[in-house]
Amino acid sequence: ESYDDTEVRFPIRYKETVLAAAAEREISPARVFGIIRGESAFVVTARSGAGALGLMQLMPATGAETARRTGIPLGKPEDLLIPEKNIQLGSAYLRQVIRQFNGNFALAAAAYNAGPAKVSKLRKEAAKMGLDPNVWFGNVEIVAAKRIGRETVQYVSNIFKYYLAYRYISERNNSKK
């Protein structure tokens, strides 16, 4: 019954924190919400088998490096379970990978999931094959599945769906004002 209920499938939690973090990093809040939905489905205490923590599923080393680079204070790794801290750092890291991949959100999402080094290597391999490494779906997907895993290819697809859903919700809410 809830399949078509956007409020159930695409909750908007921590709205003010997401809006502030997205504005500060000059990224779309829909992208931040999409990452949160894909990473943790808004479960604050989420922990991955690999050790990622919180809403935006940051690895402790990534959280610490992002905190150091941005000046956002971070105490112990468990502080990544604090929603506001996690969203601040996750948004900063998302902005970093978006910049690293020249605004290509598909590649940035893949880097968020699999790591920037794997995606950079994938781009080089695709270029050697004569493929446009900046076009994800169609050109690079077959290579990507072999090099960074089908899970990451599916992750990117899901993140795009979530991003588009949150963009739609935002546009719908803005048109009601």
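**Entry 1: α3 and α9**

I began with two helices and found that the axes of α3 and α9 come within 8 Å and cross at roughly 130°. I take axes as lines fitted to C-alpha atoms, for helices over the stretch in contact, with angles running from 0 to 180 degrees between N-to-C directions. I therefore record α3 and α9 as oblique to each other. For this term I noted the cut-offs: angles under 35 degrees count as roughly parallel, over 145 as roughly antiparallel, 65 to 115 as roughly perpendicular, and the rest as oblique. The crossing of α3 and α9 is right-handed. A crossing is right-handed if the near helix is turned clockwise from the far one by less than a right angle, and left-handed if anticlockwise. On the α3 side I listed A30, R31, F33, G34, I35, R37, G38 and E39 as making the contact, and on the α9 side Y155, I159, Y162, Y163, Y166 and R167. Contact here means heavy atoms within 4.5 Å.

**Entry 2: Basis of the model**

I note that this is a predicted model, in which local features need pLDDT of at least 70 and side-chain atom pairs count only at pLDDT 80 or more, while totals for chains, interfaces and linings use all residues. Residues are numbered from 1 along each chain as its sequence is written, and side-chain values use heavy atoms, with hydrogens and water left out.

**Entry 3: Overall layout**

I counted nine helices and zero strands in the protein. Helices (H or I, at least four residues) and strands (E, at least two) are DSSP runs, numbered from the N terminus. Along the sequence the pattern reads α-α-α-α-α-α-α-α-α. The protein has 177 residues, of which 46% count as buried. Buried means under 20% relative accessible area, exposed over 50%, and partly exposed in between (1.4 Å probe, protein chains only). I also looked at contacts between residues at least 6 apart in sequence: 50% of these join residues at least 24 apart.

**Entry 4: α3 in detail**

How many of the 11 residues of α3 are buried? I found eight, so that the helix is mostly covered. They are A30, R31, V32, F33, G34, I35, I36 and R37. These buried residues pack against α1 (6–9), α2, α5, α6 and α9. At the start of α3, a side-chain oxygen of S28 reaches to within 3.1 Å of the backbone nitrogen of A30. Just after α3, I noted a positive phi of about 55° at A41.

**Entry 5: The nonpolar core**

Which residues have the most contacts inside the largest nonpolar core? I recorded V32, I36, L94 and Y112, in a core of 43 residues. At least two residues of this core come from each of α2, α3, α5, α6 and α9 (150–175). A nonpolar core is a set of buried Ala, Val, Leu, Ile, Met, Phe, Trp, Tyr and Cys residues joined through side-chain atoms within 4.5 Å. In soluble globular proteins, nonpolar side chains tend to be buried together. I then followed Y112, leaving out residues up to four places away in sequence, and found that it touches I35, E39, M56, L58, G90, Y93, L94 and Y155.

**Entry 6: α5 and α7**

I compared a second pair: the axes of α5 and α7 (residues 116–128) come within 12 Å and cross at roughly 15°. That angle makes α5 roughly parallel to α7. Their crossing is right-handed. From α5, Y93, V97 and Q100 make the contact, and from α7, P116, S120 and R123.

**Entry 7: Residues in the loops**

I looked up E26 in the loop between α2 (15–25) and α3 (29–39). Its phi is near 55°, a positive value in a residue other than glycine. Is E26 buried or exposed? E26 counts as exposed because its relative accessibility is 60%.

Q57 lies in the loop between α3 and α4 (60–70). Q57 also has a positive phi, of about 50°, although it is not a glycine. With a relative accessible area of 11%, Q57 is buried.

D79 is in the loop between α4 and α5. At 16% relative accessibility D79 counts as buried. Apart from neighbours within four places in sequence, D79 is in contact with L74 and K85.

I ended with N104, in the loop between α5 (83–100) and α6 (105–114). N104 counts as buried, at 14% relative accessibility. A polar atom of the N104 side chain lies 3.1 Å from the backbone nitrogen of A106.

Notes. Polar contact = N/O pair within 3.5 Å; in protein donor to acceptor, adjacent residues only side chain to side chain.
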